[in-house]
Amino acid sequence: MEYIVETNKLTKRFGKEYAVEAVDLRIPKGEIYGFLGPNGAGKTTTIRMLLGLMEPTLGNIKVFGKDLKRERIGILKKVGSLVENPSYYPHLTAYENLETIRKIYGVPKKRIADVLEIVRLSEVTNKKVKGFSLGMKQRLGIASSLLNKPELLILDEPTNGLDPSGIIEIRNLIKRLSKEEGMTILISSHLLSEIDQIADHVGVISKGKMIFQDTIDVMRRQSQKKISLKVNDYERANRILISNGMKADFSIDSITLPEHHDEDIANIVRVLVENNISVYRIEEEKRSLESTFLQMTAEERGL
Ligand SMILES: Nc1ncnc2c1ncn2[C@@H]1O[C@H](COP(=O)(O)OP(=O)(O)OP(=O)(O)O)[C@@H](O)[C@H]1O
Ligand SMILES: [Mg+2]
């Protein structure tokens with residue numbers, strides 16, 4: 001797989017505190033990557049390092065396969081970003097605000113109209129930004145991050161503070177950019193529900209550590225219903241199941257069955273009982289994606 005962003009043991013320490021600790025971030029090309037974590041988890045710190053705004057304490061960062069430290073300028077030319085609350089000149093219009101940034105990038109003036117069109121703000125091109133709603137300001141921030149036609153777009157909590165319709169607007173915008181422009185997009189959030197609906201890949205960070213990174217489908221599978229068994233001898237029970245060609249995950253105090261057709265469960269119990277294993281309990285664990293996420297981050301918080 002080709003990764004647009006690849007970090008290796010990325011670490012940032014503030015004094016004695018690790019804000020980010022040994023994070024191996026992998027963002028596949030052309031995908032929407034959801035970077036999830038509760039407040040203070042280390043999302044913004046990671047993003048600042050990816051954008052060269054902050055020096056890592058340890059570890060390295062590759063973007064487009066190149067070392068960020070060595071090829072910073074060349075890399076950042078192809079990256080667009082929106083980190084925390086963007087600042088504007090309220091007394092200037094949308095167009096004038098974008099013009100100040102366009103000059104820095106040196107892209108043609110025509111690009112301003114294009115990006116305003118992409119974020120659906122063409123109608124307010126010449127309106128002063130001080131009259132904009134939060135959602136409009138957020139879209140203007142995304143417009144400015146698109147001025148340089150980035151191949152990689154990094155959005156730090158772009159829906160923060162927006163109402164449900166504002167959130168949907170931004171979500172659709174991100175999907176459109178991914179599909180129509182083929183952009184690779186990193187979007188951070190503390191809400192799983194937001195990431196769930198747009199991301200292909202998810203990274204969950206908690207207390208500075210990456211505790212899950214895979215496709216959203218894998219995360220969904222992990223959160224499906226499971227059957228857990230309480231028996232008198234887990235190791236032996238597990239051996240019996242394996243030698244009978246049955247699949248199960250076993251730990252020191254439970255056996256969990258990924259498959260949960262009624263007939264499978266009945267078979268497993270029969271085989272165990274025939275082999276003199278005492279089956280004490282059969283429990284069904286129902287977990288939503290949200291509770292999987294909460295549990296992942298709770299374990300890390302020591303709850
Ligand atoms: N400049 C700094 N100096 C000292 N500590 C910092 C600094 N920046 C961040 N931190 C600490 O690093 C940790 C991670 O913060 P960070 O802003 O990266 O989290 P976050 O995941 O973006 O959270 P949020 O969802 O609230 O935006 C926090 O404990 C924070 O207090
Ligand atoms: Mg943050």
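Predicted model: local features only at pLDDT ≥ 70, side-chain atom pairs only at ≥ 80, totals over all residues.
## How confident is the model?

Across the protein chain the mean pLDDT is 91, and 97% of the residues score at least 70. Confidence is highest in strand β3 (residues 26-28), at 98. At the other end of the scale, helix α11 (residues 289-301) has the lowest confidence, with a mean of 73.

## Around ligand 1

Let's turn to the ligand. The residues surrounding ligand 1 include F14 and A19, the run P38, N39, G40, A41, G42, K43, T44 and T45, and also E84 and E157. Sorted by class, this shell holds four nonpolar, five polar and three charged residues. Helix α1 (residues 43-50) contributes the most to the shell, with three residues.

Which polar atoms of the protein lie close enough to ligand 1 to be listed as contacts? For T44, a polar side-chain atom is 2.7 Å from an oxygen atom of the ligand. The side chain of K43 places an N or O atom 2.8 Å from an oxygen atom of ligand 1. With A41 the backbone is involved instead: one of its polar backbone atoms is 3.2 Å from a ligand oxygen. Taken on its own, ligand 1 has 630 Å² of accessible area, and the protein covers 56% of that.

## A four-stranded sheet

Four strands form an open sheet in the order β13-β14-β12-β15, and their pairing is antiparallel. The edges are taken by β13 (249-250) and β15 (279-285); each has a single partner strand, so one side of each has no neighbour in the sheet.

Further in, strand β12 (residues 226-231) and strand β14 (residues 255-257) run antiparallel and are joined by three bridges. In general, strands of a sheet pair through backbone hydrogen bonds, either parallel or antiparallel.

Most residues other than glycine have a negative phi. Against that background, A22 stands out with a positive phi of about 50 degrees, although it is not a glycine. A22 sits in strand β2 (residues 17-23), and its relative accessibility of 40% makes it partly exposed.

K149, also not a glycine, has a positive phi of about 45 degrees. Where is K149 placed? K149 belongs to the loop between α5 (134-146) and β8 (152-156). Is K149 buried or exposed? At 57% relative accessibility, K149 counts as exposed.

Methods:
Residues numbered from 1 in each chain as written. Chains lettered and ligands numbered in written order. Heavy atoms only, no water. Near = heavy atom within 4 Å. Polar contact = N/O pair within 3.5 Å; in protein donor to acceptor, adjacent residues only side chain to side chain. Areas by Shrake-Rupley, 256 points an atom, 1.4 Å probe, with all protein chains shown as cover. Helix = DSSP H or I, 4+ residues; strand = E, 2+ residues; numbered from the N terminus. Nonpolar A, V, L, I, M, F, W, Y, C, P; charged D, E, K, R; others polar. pLDDT = per-residue confidence, 0-100. Pairing = 2+ DSSP bridges. Buried < 20%, exposed > 50% of the residue type's maximum accessible area, 1.4 Å probe, protein only.
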